[in-house]
Amino acid sequence: MRLVRGLLEGTRRGTRIALGVVVAYVLLAVFARWVAPQPVQDLRSLDLMNASLPPAWNPEGNRAFLLGTDEQGRDILSGVLFGLRLSMGVGFAAVALAMLIGLAAGLVSGYRGGWLDAFLMRAADAQLTFPAILVAMLLDGVARSVLPRSVHETLGIPVVIGAIALAQWVPFARAARVGTLVEREKGYVQAAQVMARPWWSILVGHVLPNVMGPIVVIATIGLGNAILTEATLSFLGVGIPPTSPSLGTLVRNGSAYLPSGAWWMVVFPGLALAGLVLAVNVAGDGLRDGLDPKQRSTVS
Amino acid sequence: MISGIVTRLLQGLGVMLVVGLLAFAVSTKMGDPVNNMLGQNATTEERAAMRRELGLDRPFVVQYWRYLGRVARGQLGVSYRLGIPVGELLQERLPASVELSGMAMLLTLLVGVPLGIYTAIRRGSWLSRLILGGSLVGLSVPTFLIGLLLIFLFAVQLQWLPSSGRGQVVSIGPWTTGLLTASGWRSLLLPSITLALYSLALLLRLVRGELLDVLHSDHVRFARARGLPERSIHYRHGLRNALLPVITVAALQLGTLLAFSVVTETVFQWPGMGLLFLQAVQFVDVPVISSYLLLAAVAFVLINLVVDVSYRVLDPRVRSTVD
Amino acid sequence: MSVALDGLRVSLRRAAGDVPLVQDVSFQIEPGRVLGLVGESGAGKSLTAAALIGLVAPPVQITAGQLSLRGRAVKLDSVEAVRPLRGKEVGFVPQDPFTSLDPLFRVGEQLVETLRAHLPLDRAAARERAIRLLTDVGLPSPAERFEHYPHQLSGGMRQRVAIALALCAEPPLVVADECTTALDVSTQAQIVSLLARLVEEHGTSVLLITHDLGVVAELATEVAIMYAGRIVERAPVGRLLRAPRHPYTRALLDAVPRIGGTGAGALPAIPGAMPRPGELPPGCAFHPRCPRASERCRAERPPLESVGDGELACWNPLEAGGSGG
C-alpha cells in the first residue's frame, strides 16, 4: 500500500517501536485463544479454590495463574488477553464506522455543497458541543430501554460500537470536506466531470485517495479515544454486556476488591489498557509528523 | 459586535430547542410512564384515566409544548427511581459537581499552562521531554484507572485521604460547599486530580504547540530583529498570540470535564450530577435523563457563548468593523 | 564612519560534514550609501542578512565573520556578541509587512516598546518620539495611526511602520531584506523614494537585499552580485548596469524585460539552474551556465579580486567599457 509506505517513511524510531507494540497487541488479541494459559471462557474449568490468588511471584501465588486470579478463580492473564480482544475489536470497529460515516458525509457535503453541506455542518457543530461519553451513554440507555433484554444482550456490542462511532464521526467529516473542497477545484476533477463520470465515482476514485492522509492521522487519534471510551463505558456498566468482559469490565469487577488489597485485579487489566492506548497515541503522533514535517512534533 | 452576539444567542437558543425536542422525544419513547406510575396491575380504565391526566392522549406537538411550559416554570418532573422532584435532586447535586469540576479546571489551568509554556521555551531539555512524556501518559491512561490507583495508594495503603464522599459540607442558602471544612478539602483532593489529569495533559500540549508556532512566526522574528529582550518576546508577543486559541479550547475543556465527571464521581462515589445521570441511565429514569440533558445543553451553549464573546474582546482583528 | 563586513561564512552543520552556504562575503558601506545585494533565490542573500542580526538558528551556523561599525569590531560567530547589536547597531526591515507586525498590539505601542528597549525614555517622551518617527516615514495622520492596530493599515503603511521600527535607535547599518517584494508597484515606488530620503537624512549605511534590478537602479549607490554563496562582482550601480564585467551579471541584466524591448523574440532566460549548496561544480560555480566558460573556468575557481572601481571573480570577464562579446 503506497499510502502506508509513504506514511512510514518520515517516521522516527520511537514511532516505529510504538507501531510494533500495537502490532504485538493485535497479534496477542487475535491469537488469544492459543496464547492464553487458561480457558477463561469455559465456566466449567473454574475452581473456587483458586479464588483471589495474588500474582505468581507472590509467595501465596500459583505458577499456573501468572498474574493472579479474580474472586471466582478466573485467571487474570487469560482474562486480560480475551478482554484485549474485545477492547481492540470494538475500538477498531468504532473508528472504522466513524470513518465511513464521516467520509461519506464529508465527501458528499464538500462536493455537492448547498443546503446539504450547511445542514451537515450545523449538525456537526451542534454535536461537538456534546462530549462523546454523554452521547454514548445516552445511546446505550436508549437502546437498553427500547430493546428487550435478550435482544440487548446480543446487540450489546454493535450498540456500543455504533454509539462510539456516532460520537467520533465529526473530525473525519470535517477533514474529508475540507479536502474535497480543495480537490474539487483541481484540474483532474474537472476533466473527469467533462468526461461525464458519475459524481460518486469521481469522489471515490479521485478525491478520496487525496484526502486519505489526514484521515489516517485522525483515525489513529480516534482509535485511542475509542478504546478509552469503550473501557470507560464498560467500567460504568453501560457498555458491553458483562457476559463477555472487556478490559473496562475487568477493572470494574476488580475495583470492588481493591479496598481489601487485591490490587492485581485492577492493575493488570488497567496496565494492558493504558499500554495499548499509549502505543496507539505515540504511533499516531509519529505518523502525523511523518505526514507533515511542518507540523511540530508534540512528542519531542 | 453586538449583532454577532445576538446571532450567537439565537443559535444557542436553536440548539437548546432541538435538544429539548430530543430530550422530550427520548422521554416519551423510553419506557411507559403510566406503567411506571401505576404498576403492572392497573386496569385498563385506570390506565386510560392516567393517560388523560398526564396528557398522553394529546398529539405530540401539544405534549411538547406543555413540556416546554413546564420546564420554563422549573417543573422538571419527578424521578422514577427516587420519587423526588427532579428540580430538588438537581439542586442537591449541582454544588458537588460544580465544586469538583471547578477545582479540576483550576488545576488544569494552573498546572497545564505553565508547563506548556516551559516545554515550548525550553525545548529539548530533559525536563521538557519528561513533562511531554508524562502528558502522553496522561492522555492514555483512562480516568477511572487513575482514580482507582490513587485511591489504592492514598486511601487504602497510606490511609492519608478518604476514598469516597465529600466529607463535611456546609450549607449556605441553596448551596452546599465542602470548601469550608478540612475534611471537605481532603475529600476534594483526589477526585479533582483524577478529573483534571486528562484535560491538563491536553491543554499542556496545546499551549506548547501554539506557542512554538507563534515563536516561529514572522512577527516574532521581527521583534527579535528589533532587539527586544527575550523575555518580552516570549511573554508579550509570543504568549498573548498563542493564548487566543488556547482560551477557546480551555473553555471547551470545561465541557469535557463535566462529561468525565461521571466517571470520577462513580469511582469516588462523589454525590454529583454525573453520578445522578449514570444511575438514571441505568434505571431508565426518564425525567432525570431529559432534565440532565437540558441542563447540559444550557451549560454548553453558555460556555460556547462566553468563548465567542471573549474571542471578540481579545482579538482586535475580529473586533474592528471597518477602516 | 563606514560599516564593514569581513569574511562572512555561514554553513549548515551536519554529521556528514558541513555544507557551506555563504562564503567569504565582505563589503564596506559608507554612511549615506546603499549597497544592493542582488542574486537569484538561494544565492545566500537572505542568509547574509540574517547573519548580520544573528537570526541564524542551528543547524545553520555562522562559522566566521566580523562586523565593524562605530569603531568597534564584533565577531559574528558568537550569538552572545551579536545579540546586543540587534536594533541598536543593526536595524532590520522585513519582507512581508502583512505578517511582520504583532496583530494584537497597537502600532504606537510597538514603536514605544522598541524605543524604550534601546533608549532611556519615559513613556511620554517615547510616545512623542514615536509620532515623530511616523511622520518621518511619511505616514498620514500619525497621531491617529499611533492608536491603530496593524490590520487597520494598508500594506504600504505597514511597511512604513516597519521602517520606522528599524530606525528607532538610529543604527548605523540598516539591512532591508526584500522589503519591497510584497508590495504592488506603485507602493514599491513610494517606499523606495522614502528609503532614499531617509538614507540621506540620517546618514545610515544600508544593505539592500533584493532580486529586483529596478529597485537597485533607483536606490543603490553600489551593487554586489551574489551567486552560489559568494560575491562574484561588485561595482558602482551606474557602471554595473551599463557595462557589467561578469557574464552572470550580464545575463541577469539581459533577462530583465524592458519597455521598448530588445526586439522580437523570447526573453533570454539563463539556461540551467543555480547549483544547490553542497552540490557546487569544480572550478567556477557559474561555468555550467556560462557562454564564456573555458578550461580554466571548469578547473579552478576564480578568486574575488579588485578591479578598477570594484571587484570581480572571473577568468574570462567581459571587456571593460564594452556591453557584450
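Guide: Welcome! Helices and strands here are DSSP runs, numbered from the N terminus: helices are H or I runs of at least four residues, and strands are E runs of at least two. This is a predicted model, in which local features need pLDDT of at least 70, side-chain atom pairs count only at pLDDT 80 or more, and totals for chains, interfaces and linings use all residues. Residues are numbered from 1 along each chain as its sequence is written, while chains are lettered from A and ligands numbered from 1 in the order in which they are written.

Visitor: At what angle do the axes of helix 9 and helix 10 of chain A cross?

Guide: Axes are lines fitted to C-alpha atoms, for helices over the stretch in contact, and angles run from 0 to 180 degrees between N-to-C directions. In chain A, the axes of helix 9 (residues 199-236) and helix 10 (residues 247-255) cross at roughly 35° and come within 7 Å.

Visitor: Which residues make the contact?

Guide: Two residues are in contact if their C-beta atoms, placed from the backbone, lie within 7 Å. Helix 9 of chain A contributes E230(A), A231(A), T232(A), L233(A), S234(A) and F235(A), and helix 10 of chain A contributes L247(A), G248(A), T249(A), V251(A) and R252(A).

Visitor: What is the mean pLDDT of chain A?

Guide: pLDDT is the predictor's confidence in each residue, from 0 to 100. The mean for chain A is 77, with 83% of its residues at 70 or more. Among the elements of chain A, helix 10 has the highest mean pLDDT (88) and helix 1 (residues 2-9) the lowest (58).

Visitor: Moving to chain B, how many residues of helix 9 are buried?

Guide: A residue is buried if 20 or more other C-beta atoms lie within 10 Å of its own, exposed if 12 or fewer, and partly exposed in between, with C-beta atoms placed from the backbone. Six of the eight residues in helix 9 (residues 218-225) of chain B are buried; among them are H219(B), F222(B) and R224(B). The buried residues pack against helix 8 (182-215) and helix 10 (230-268) of chain B, together with strand 6 (90-93) of chain C. After helix 9 of chain B comes G227(B), with a positive phi near 85°.

Visitor: And what does the secondary structure of chain C come to?

Guide: Chain C has eleven helices and twelve strands. Its C-alpha trace spans about 65 × 50 × 35 Å along the principal axes. Of the 325 residues of chain C, 44% count as buried. Residues 24 or more positions apart account for 63% of the chain C contacts with a separation of 6 or more.
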